[in-house]
Amino acid sequence: MTKFDPKEPVQFRHAPEQVRVVATDLKDDRPIVIAVTIAGKETVGYRHADGRVISGRDSPYDLVKVPKKYEVWINFYDDDGDPRGYDSYSYSSRAIADGSADTTRIACIRVEFTEGEGL
C-alpha cells in the first residue's frame, strides 16, 4: 500500500472504520488529529507525522492511503500460434475497447483491481 499522505483519503491499516484527518499541525509529538466513526459517533485520536500510532512500529491502527480502485476492459487477440501466448490491450471503458478492436479479437474482459493488489 502506498505511503500515508494526510491530504488524501485515509483509512486504518486494517480498514473497517471510517477515518478523517481533522488537523496536521497540533503542537505535540503526535501532530495529526483524526476523527474515527464508530457506531455513528466520532471519536478523536492522535497520530505521529507519518500516520503511525507508535513511532517506528507498524500497527493495525496506523493511517494509510485509501487504495485507488480501477476498472479496465482488455481486448485479447490470438497471436497466430505464437508460443508466447496472446496479445492484449487495456482500455478505460467497454465502448473504447469495442471501438479499438479489430476482427481478430477473441475476447473482451472487464477487470477490476485495487492499487497494490497482487504485489
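Where does K65 lie? Hi everyone, let's start there: K65 lies in strand β5. A quick word on the ground rules before I go on. This is a predicted model, so local features need pLDDT of at least 70 and side-chain atom pairs count only at pLDDT 80 or more, while totals for chains, interfaces and linings use all residues. Residues are numbered from 1 along each chain as its sequence is written, and side-chain values use heavy atoms, with hydrogens and water left out.

Now the overall picture. The chain has 1 helix and 8 strands, where helices are DSSP runs of H or I with at least four residues, strands are runs of E with at least two, and numbering starts from the N terminus. Read from the N terminus, the order is β-β-β-β-β-β-β-α-β. The radius of gyration is 21 Å, well over the 14 Å that the globule rule gives for 119 residues, so the chain is more spread out than a compact globule. That radius is taken over C-alpha atoms, and the rule is 2.2 Å times the number of residues to the power 0.38. Along the principal axes, the C-alpha trace spans about 65 × 30 × 25 Å.

What about burial? Of the 119 residues, 25% are buried, meaning under 20% relative accessible area, with exposed being over 50% and partly exposed in between (1.4 Å probe, protein chains only). Among contacts with a separation of 6 or more, 44% come from residues 24 or more positions apart; contact here means heavy atoms within 4.5 Å.

Back to K65, then. At 18% relative accessibility, K65 counts as buried. Its side chain has a polar contact of 3.4 Å with the side chain of E8. A polar contact is a pair of N or O atoms within 3.5 Å; within protein, one must be able to donate a hydrogen and the other to accept it, and residues adjacent in sequence count only if both atoms are side-chain atoms.

My other pick is D62, in the loop between β4 (41-47) and β5 (63-65). Is D62 buried or exposed? D62 counts as buried, because its relative accessibility is 0%. The side chain of D62 reaches the backbone nitrogen of S59 at 2.8 Å, and a polar atom of that side chain lies 2.9 Å from the backbone nitrogen of V53. Leaving aside neighbours within four places in sequence, D62 is in contact with Q11, F12, R13, G51, R52, V53 and R57.
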